Amino acid sequence: MKTIIEPFRIKVVEPIRITTLEERRRLLEAAGWNLFGLHSDDVIIDLLTDSGTSAMSAEQWSAVMRGDESYAGSPSFYRFESAVRELMPFRHVIPTHQGRAAEAILFSIVGGPGRIIPSNTHFDTTRGNIEATGAQAVDLVIPEAHDPDAQHPFKGNIDLGRLERLLAASGEQVPIVMLTVTNNAGGGQPVSLENIRATAAIARRHGKPLFIDGCRFAENAWFIRCREHGQAGRSVKDIVRDMFAVADGMTMSAKKDAFANIGGWLALNDDGLASAARNRLILTEGFPTYGGLAGRDLEAIAAGLHEIVDEQYLRYRVRTNEYIGEKLIALGVPIVRPVGGHAVFVDARRFLPHIPPLHYPGQSLAVALYELGGIRACEIGTVMFGLRPDGSEVAADMDLVRLAMPRRVYTQSHADYVVEVFEEVVRRRDELRGLRIVQQPAQLRHFTARFEPLP
Ligand SMILES: Cc1ncc(COP(=O)(O)O)c(C=O)c1O
């Protein structure tokens, strides 16, 4: 059959409150035209993030009931540990309350002033946790990643030449090498198995451990299966094992490819590092058999890990975003291509060329999507990155709007609705105006800044 259906039936539903245009205009004004300020029950389709927003399965909810809340040695921990190790066979698996807690623990040990940590692209919490220790986070993604039209199948790959040169020149400052799969900050683009293996070989030659930020490991493995020479007939599970077999450790947010609403882990092979990490964990998160989680959360993650490598699910997952992407291209809406694993990224600067970057074309598009259709998306552009520490402003490299798809939450008719709202936005595109910021904090302004539409 041609149609790729949602490979699940719906057993529990959450009603969506359908708001009117007038209501949404009032709500936008009250929120200072910042979509983070909206109440989520005033949103029709919430594409703000794919993190922690997954629908859990019947198996996961059953597993929640089995959760054992013992302080130490809970069987829920051992089920969690064995589910992780079935895919990523690291010697030590250390649960944390979410991905950034794993990062904070890792970099409190390997970071510090004078240290350099290279990656394809560090996600912002990873960069933040590295920089908080005084170390430097360096992004070495291939040049194609910066061109929204470049049709490279693995735009998340690290530039091996630049990595080699960095390690040759400043190797003694580099404690670990990292790779983010898929590359969220670069548009959810995958990293090839060949690139993972080559990165591991270079790191090993220089005596450096390789750590993978594995948040979207299953989506990455699916892209490897679909796009990489020689991988077509293989099971996703085997590809996942191959991805991690050459690594020395990983950080993980279970809020992505484990279908959990909270959770994460740090996993690694080195006994000394693991012991230091557990000592830190006890200070900041909790005892090593629960990290910052309840036993029931560990059970939900364990069950989610069995489900996420399902090929029918991954086919539907990646296809949903491609489907929206294809329809947007047909409408003449510029997007980052190829479409990534968890989101469609719209190039708002090219879509709204009459709005200069410092009038925030991304925010203007995001506001229009909410006003006209109740869709909440996320500006990733000058609002997010344009404020410098001295208070001055620069245009970000790109002004994008991310439509991040929660896992197993929306159906094809929701996807069609998103496309219809874009049709309306396209009709009104010349009427869209920029915004100005009337109030903002000194850092991370995108969360709380208040705007006003320009006349
Ligand atoms: C690639 C990547 N790494 C790390 C994180 C941080 O995970 P968490 O939100 O669970 O702290 C995220 C979250 O979006 C991410 O996308």
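Predicted model: local features only at pLDDT ≥ 70, side-chain atom pairs only at ≥ 80, totals over all residues.
Modeller: Residues are numbered from 1 along each chain as its sequence is written, and side-chain values use heavy atoms, with hydrogens and water left out.

Biologist: Which residue in β6 is the bridge partner of M178?

Modeller: Helices (H or I, at least four residues) and strands (E, at least two) are DSSP runs, numbered from the N terminus. Strand β5 covers residues 177-180, and β5 pairs in the parallel sense with β6 (residues 210-213) over four bridges; two strands pair if DSSP finds at least two bridges between them. In β6, the partner of M178 is F211.

Biologist: And which helix does the chain pass through from β5 to β6?

Modeller: This β-α-β crossover is right-handed: with the strands pointing away from the viewer, the path from the first strand over the helix to the second runs clockwise. The helix on the way, residues 193-205, is α7.

Biologist: How is α14 oriented relative to α16?

Modeller: The axes of α14 (residues 361-373) and α16 (residues 412-427) come within 9 Å and cross at roughly 110 degrees. Axes are lines fitted to C-alpha atoms, for helices over the stretch in contact, and angles run from 0 to 180 degrees between N-to-C directions. Under 35 degrees counts as roughly parallel, over 145 as roughly antiparallel, 65 to 115 as roughly perpendicular and the rest as oblique. So α14 is, relative to α16, roughly perpendicular.

Biologist: Which residues of α16 make the contact with α14?

Modeller: Contact means heavy atoms within 4.5 Å. From α14 come L365, A368, L369, L372 and G373. The α16 side is Y417, V421, F422, E424 and V425.

Biologist: Why does A218 count as buried?

Modeller: A218 sits in helix α8 (residues 217-227). Leaving aside neighbours within four places in sequence, A218 is in contact with V236, D257, I308 and L314. A218 counts as buried because its relative accessibility is 0%.

How values were computed. Buried < 20%, exposed > 50% of the residue type's maximum accessible area, 1.4 Å probe, protein only.
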